[in-house]
Amino acid sequence: VAGWSGSGKTTLVTSLILEFVERGFSVSTVKHAHHDFDLDQPGKDSHKHRSAGAREVMVSSGARWALTHELSGGLEQTLEQLLQKLMPVDLVLVEGFKFGDHEKIEVYRSGHSNTLLYPDDPRVIAIVSDGHLPDADRPVFKSHDVAQIREFVVSHFRLTTPKENDTA
């Protein structure tokens, strides 16, 4: 799911997660950030560990675990490298990485950008927009048509529902 800042990518991804999970799919996400971000909070032990120079810091509890990896000036990981770090699931939704070489659904909200990705990016397989795009040469969905977008993803990527996997 790709598009310019403020276009509604996170809203769509969150809605799609709910749709897929409700139908029994296991889902993970990868979110690209364009800026320095921090999951740690200053004063927490994990932040102290990382600030002291730890390359990786893992925090674990009975509810969840998280691993942060400090690049220390190294190159940003590619989407392919990041996907290899995930546990196997039925579907990985990727938010951002608008200039990547993977297939993507563009989210476009009029007034937030004058530039659409799809005319110059053959990897845009569909568009989600709040406006009318009469010249689009690929499927266009309204942002509230989350069930139709889900079905497009299932069909395009030939996903089988977990129930279909059990009977095969």
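**First stop: D121**

Select D121, which you'll find in the loop between β5 and β6. Keep in mind that this is a predicted model. D121 is buried, with a relative accessible area of 7%; the cut-off for calling a residue buried is under 20%.

Now show what surrounds D121. Leaving out residues up to four places away in sequence, D121 touches K98, K104 and R138. Zoom in on K104: its side chain and that of D121 are joined by a polar contact of 2.8 Å. Then turn to R123, whose backbone nitrogen sits 2.8 Å from a polar atom of the D121 side chain.

**Next: the sheet**

Switch to cartoon and pick out β5, β6 and β7. These 3 strands make an open sheet in the order β5-β6-β7, with parallel pairing. β5 and β7 (140-142) are at the edges and have a single partner strand each, so one side of each has no neighbour in the sheet. From one strand to the next, the twist averages 25°. Between β5 and β6, follow the 5 bridges of the parallel pairing; for Y108, the bridge partner in β6 is S129.

Select L12, L16, F20, I105, V128, I149 and L159: they have the most contacts inside the largest nonpolar core, which has 20 residues. At least two residues of this core come from each of α1 (9-22), β4 (91-95), β5 (104-108), β6 (124-129) and α4 (146-156). α4 gives the most, with 5 residues. Finish with another core, apart from that one, of 9 residues, including Y108, L116, L117 and Y118.

Note on methods: Residues numbered from 1 in each chain as written. Predicted model: local features only at pLDDT ≥ 70, side-chain atom pairs only at ≥ 80, totals over all residues. Heavy atoms only, no water. Core = buried A, V, L, I, M, F, W, Y, C linked by side-chain atoms within 4.5 Å. Buried < 20%, exposed > 50% of the residue type's maximum accessible area, 1.4 Å probe, protein only. Helix = DSSP H or I, 4+ residues; strand = E, 2+ residues; numbered from the N terminus. Pairing = 2+ DSSP bridges. Axes fitted to C-alpha atoms, helices over the stretch in contact; angles between N-to-C directions. Polar contact = N/O pair within 3.5 Å; in protein donor to acceptor, adjacent residues only side chain to side chain. Contact = heavy atoms within 4.5 Å.
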